[in-house]
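Please look over the briefing below alongside the sequence and the structure.

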Amino acid sequence: MMKSVHNGRLLFVASTLLLLVCAGQAASKQTPKKQARLNPQEQKVIKYLVADWGEDYSVTSVDIAMAGLKMRQSDETRFRIGSHIKAHPELHEIIRRWGWVTLVLTPDEKLIARTLINAERDRKPEPTVTEIAKAVGITEAQADRGLSMLERYEILQRAASQGAGYKVVPRYIKWEPRLDFIFHKVSLDSGRQFNTN
Amino acid sequence: MLLVSSKLANEKVSIDTSSPEGTARIHVVFEKGKVATADPASTILFMGGG
């Protein structure tokens, strides 16, 4: 009888552990939707943007805010901050009015997206990484990084093709009502930089 | 354009942008509200929106 109870407890503990492991794996697959809290430096960028947005028609993007705060630029940090903005439209009216895309992508990433969108919309062959790099005026390595970032933001999806290997998520084929892939970066002699709509 | 010709009319303002749908980059410098340089030179500026 005692042995049966003991075995039952062991089975219960093992099942619970298995459930916890499964839950942990599911949570990690959902990143960045359920991402960890931003660190203090990343939170500074959010504060900077929330204070800046709307001033002088500002729709300042994450990369410009990071430069303004003299933070080291990294795709990973930009992605974490960008994902936070994407998940929190309640932070500012500018996110709700113009969309999160224009606020989180760099000019290079916006132009890379346009090369693929224009080709798909005009029913032309998907450009290769070399063609994208040439069209945007960047290196192939930079084009690869940009494509990867657009995939992480779910603007592009992997697809078997003769081109770069991505297709545009349908929502972004017609993007003009939003500011998604527009940028107007303003630089003043004082050193201030911001994007306008 | 509204900013350049009003609030920032006394400043030197550089703008980096692109053609509306293409991938060509545009760099324009305004001084005292007027275009000082534009690259490429064929850049056409217009005010408006919608």
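In this predicted model, strand 1 and strand 2 of chain B form a hairpin with 6 residues between them; strands (E, at least two residues) and helices (H or I, at least four residues) are DSSP runs, numbered from the N terminus. Local features need pLDDT of at least 70 and side-chain atom pairs count only at pLDDT 80 or more, whereas totals for chains, interfaces and linings use all residues of this predicted model. Residues are numbered from 1 along each chain as its sequence is written, while chains are lettered from A and ligands numbered from 1 in the order in which they are written.

**The strands of chain B**

- Strand 1 (residues 12-18) and strand 2 (residues 25-31) of chain B pair in the antiparallel sense over 7 bridges, where two strands pair if DSSP finds at least two bridges between them.
- Within this pairing, Ile15(B) has Val28(B) of strand 2 of chain B as its bridge partner, and Val28(B) in turn has Ala38(B) as its bridge partner in strand 3 of chain B.
- Strand 2 of chain B is also joined by 5 bridges to strand 3 (residues 34-39) of chain B, the two running antiparallel, and His27(B) has Asp39(B) of strand 3 as its bridge partner.
- Strand 2 and strand 3 of chain B form a hairpin with 2 residues between them, and Lys32(B) in the turn has a positive phi of about 50°.
- Chain B has 0 helices and 3 strands, and 8% of its 50 residues are buried (a residue is buried if 20 or more other C-beta atoms lie within 10 Å of its own, exposed if 12 or fewer, and partly exposed in between, with C-beta atoms placed from the backbone).

- Strand 3 of chain A is joined by 4 bridges to strand 1 of chain B, and the two run antiparallel; Leu188(A) stands opposite Val13(B) in strand 1 of chain B.
- Altogether 5 strands form an open sheet with antiparallel pairing, in the order 4(A)-3(A)-1(B)-2(B)-3(B).
- Strand 4 (193-195) of chain A and strand 3 of chain B stand at the edges of this sheet, each with a single partner strand, so one side of each is left without a neighbour in the sheet.
- Neighbouring strands of the sheet are turned by 20° against each other on average, direction ignored.

**The contact between the chains**

- The contact takes 17 residues from chain A and 13 residues from chain B, two residues being in contact if their C-beta atoms, placed from the backbone, lie within 7 Å.
- On the side of chain A that touches chain B, helix 7, helix 8 (129-136) and strand 3 (185-188) each supply at least two residues.
- That side of chain A has 7 nonpolar, 6 polar and 4 charged residues; Ala, Val, Leu, Ile, Met, Phe, Trp, Tyr, Cys and Pro count as nonpolar, Asp, Glu, Lys and Arg as charged, and the others, Gly among them, as polar.

**The helices of chain A**

- Chain A has 9 helices and 4 strands, and from the N terminus on its elements run α-α-α-α-α-α-α-α-α-β-β-β-β.
- Of its 197 residues, 33% count as buried, and among contacts in chain A between residues at least 6 apart in sequence, 57% join residues at least 24 apart.
- The 13 residues of helix 4 (residues 75-87) of chain A should span 18 Å at 1.5 Å a residue, which agrees with the 18 Å between its end C-alpha atoms; the expected span is 1.5 Å times one less than the number of residues.
- The buried residues of helix 4 of chain A are Arg78(A), Arg80(A), Ile81(A), Gly82(A), His84(A) and Ile85(A), and they pack against helix 2 (40-52), helix 3 (62-68), helix 5 (93-98) and helix 6 (101-104) of chain A.

**A loop residue of chain A**

- Thr139(A) lies in the loop between helix 8 and helix 9 of chain A, and Thr139(A) counts as exposed because it has 10 C-beta neighbours inside 10 Å.
- From C-alpha to C-alpha, Thr139(A) and Thr60(A) are 25 Å apart in space, and they are 79 residues apart in sequence.

Conventions: Axes fitted to C-alpha atoms, helices over the stretch in contact; angles between N-to-C directions.
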